Amino acid sequence: VASQHLLPPGRLNRYLSLYSKMSQFPPVLALQEADLKKMLACNVHIGSTNMAAGMDRYVHGRNEAGNHIIDLRKTWEKLTLAARAIVAVDNAKDVCAIGLSSASQRGAPIAQRAVIKFGKYTGARALAGRFTPGTLTNQSQANTFFEPSILVLSDPIKDRQPLMESSYMNVPVIAFANTNHTLRNVDIAIPCNTEGANSVGLMWYLLCREVLRLQGRIAREKEWDVMVDMFIYRDVEEQEKQEEARKASGYGNQWGAASAEPWDVAASPLGDDQFTGDSDWAAGQWDQAADQGAADFSETAGEGW
């Protein structure tokens with residue numbers, strides 16, 4: 001058979017294993033067109049300009065700017081694999097989702113909001129912002145020490161401290177990895193863009209939704225009622241600047257441009273019919289019987305209600 005295909009026995013066995021029925025991706029878990037459009041809109045496929053060893057299997061080219069293009073089919077397959085590994089854990093609290101801040105002040109905490117939302121909907125433990133060294137290794141830290149069954153990292157570089165401690169304690173690690181990230185101590189790598197807030201938020205959203213679907217908590221045929229915006233990081237200062245700009249360009253200028261001249265009463269338009277006083281009221285007479293009947297009707301209606 002090897003001579004017919006002109007392939008060495010090793011490569012032939014690998015070729016057959018890739019295309020065998022046992023290794024095919026389940027059709028029910030296939031990537032949908034709506035999810036693919038979301039991933040393209042959030043630039044999940046735009047990788048870094050550099051590429052680490054081991055990430056070349058997820059890259060199929062470069063764009064004009066020099067960024068590596070990530071294969072979204074493989075991204076979805078690894079995301080589904082990660083969701084299946086998370087669902088296999090009996091206790092949801094044994095799954096720890098981590099999204100730490102950047103070591104430099106320039107980096108925004110784009111993964112913190114998504115990690116908190118992931119912990120809220122799946123019941124996993126969420127560590128956002130800061131990670132105390134020794135949380136996974138030092139048992140004397142009674143307040144912070146715990147032993148998770150699996151770690152989910154937002155960035156292997158920003159989350160390098162828990163990644164290093166997980167290697168000491170033999171804890172499986174799932175990580176969202178860019179093309180320039182090393183896969184050392186990472187068991188399941190999900191290739192995606194980890195630099196953009198929209199991309200990180202969407203990937204956590206898809207992972208959370210897939211976990212809930214595999215657990216049977218939400219139907220796969222229906223759209224999840226939680227929006228992607230709940231997982232995306234929003235800069236408070238940037239929102240305040242946008243609000244001030246909107247006020248300055250909107251109704252603020254409209255009221256500021258109003259005329260400050262006093263109101264001329266004589267020049268104001270009047271209608272044709274003017275009030276002539278109480279002459280009409282004086283001409284009429286009060287009908288006591290009619291008023292008494294209306295009062296009795298209102299009391300009867302009130303008793304019925």
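In which helix is the place of methionine 164? Methionine 164 belongs to helix α6, residues 160-169 (helices are DSSP runs of H or I, at least four residues, numbered from the N terminus).

The model is predicted, with local features requiring pLDDT of at least 70 and side-chain atom pairs pLDDT 80 or more, while totals for chains, interfaces and linings use all residues. Residues are numbered from 1 along each chain as its sequence is written, and side-chain values use heavy atoms, leaving out hydrogens and water.

**View 1. Aromatic pair of tyrosine 205 and tryptophan 224.** The structure holds 7 aromatic pairs (ring centres of Phe, Tyr and Trp, the last by its six-membered ring, within 6.5 Å; planes under 30 degrees apart are stacked, over 60 edge-to-face, the rest tilted). Among them, tyrosine 205 and tryptophan 224 are stacked, at 5.4 Å centre to centre and 25° between the planes. Tyrosine 205 lies in helix α7 and tryptophan 224 in the loop between α7 and α8 (236-249), so the pair ties together parts 19 residues apart in sequence. Tyrosine 205 is buried, with a relative accessible area of 1% (buried is under 20%, exposed over 50%, partly exposed in between; 1.4 Å probe, protein chains only). Tryptophan 224 is also buried, at 9%.

**View 2. Arginine 213 in helix α7 (residues 197-215).** Arginine 213 is buried, with a relative accessible area of 13%. Beyond residues up to four places away in sequence, arginine 213 touches Ile218, Ala219, Arg220 and Lys222 (heavy atoms within 4.5 Å).

**View 3. Arginine 125 over the face of phenylalanine 146.** Arginine 125 lies 4.2 Å from the ring centre (CZ of Arg or NZ of Lys within 6 Å of the centre and within 35 degrees of the ring normal).

Terms used
Helix = DSSP H or I, 4+ residues; strand = E, 2+ residues; numbered from the N terminus.
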